Amino acid sequence: MAFTQAAKRLMLQALMDAVVEAGWGTSGAPTASGLTNPVYTNLISKRLEGDSAVFEYALAWEGLGVRTLREIALFTRDENGNRVMLYRRTRDPVDLEVGLTLIDRLEVSVENV
């Protein structure tokens with residue numbers, strides 16, 4: 001049985017409503033349960049495009065030296081205000097230097113199961 005278009009849009013809208021932050025980390029280990037050396041941002045744009053939810057967010061490094069971004073994640077907050085990871089994936093490494101801001105994009109779609 002396949003999801004209807006209406007069901008897919010409702011699930012994507014619920015995900016977009018839940019996401020309040022994006023984050024990036026340096027590990028890139030495929031089985032990690034969290035981000036390594038995380039940096040978070042709430043500078044995030046969310047919208048529906050066709051059959052996908054699109055998240056765009058600003059990534060920046062404000063520390064010393066260069067950091068290599070290898071993983072990204074989307075987060076919500078629970079009833080106590082704690083950060084809860086909803087989605088995490090590894091990505092091609094990107095070196096972030098102080099003063100450099102990268103706009104990253106993540107597209108999410110609902111597949112039939």
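Predicted model: local features only at pLDDT ≥ 70, side-chain atom pairs only at ≥ 80, totals over all residues.
Helix α1 runs over residues 5-18, which makes 14 residues, and from its first C-alpha to its last it reaches 20 Å, close to the 20 Å expected at 1.5 Å a residue. The residues of α1 that are buried are K8, L12 and M16, and because they cover an arc of only 70° around the axis, they sit on the same side of the helix. As a general point, an α-helix has 3.6 residues a turn, so residues three or four places apart point the same way.

Now to the charged pairs. There are 9 salt bridges in the structure, and I would like to go through some of them.

In one of them, E21 pairs with R83, with the closest N and O atoms 2.9 Å apart. This pair links distant parts of the chain, given that E21 belongs to strand β1 (residues 21-25) and R83 to strand β6 (residues 83-97), 62 residues apart. Is E21 buried or exposed? E21 counts as buried, because its relative accessibility is 9% and the cut-off for buried is under 20%. R83, by contrast, is partly exposed, with a relative accessible area of 33%.

A second salt bridge joins the side chains of E49 and R105, again with 2.9 Å from N to O, and here too distant parts of the chain are linked, with E49 in strand β3 and R105 in strand β7, 56 residues apart. E49 is partly exposed at a relative accessible area of 34%, and R105 is partly exposed, also at 34%.

The last pair I want to show is R91 with D104, whose closest N and O atoms are 2.9 Å apart. R91 lies in strand β6 and D104 in strand β7, 13 residues apart, and this pair likewise links distant parts of the chain. D104 is buried, with a relative accessible area of 8%.

Methods: Residues numbered from 1 in each chain as written. Heavy atoms only, no water. Helix = DSSP H or I, 4+ residues; strand = E, 2+ residues; numbered from the N terminus. Expected span 1.5 Å × (residues − 1). Buried < 20%, exposed > 50% of the residue type's maximum accessible area, 1.4 Å probe, protein only. Arc of directions from axis to C-beta. Salt bridge = Lys/Arg side-chain N within 4 Å of Asp/Glu carboxyl O.
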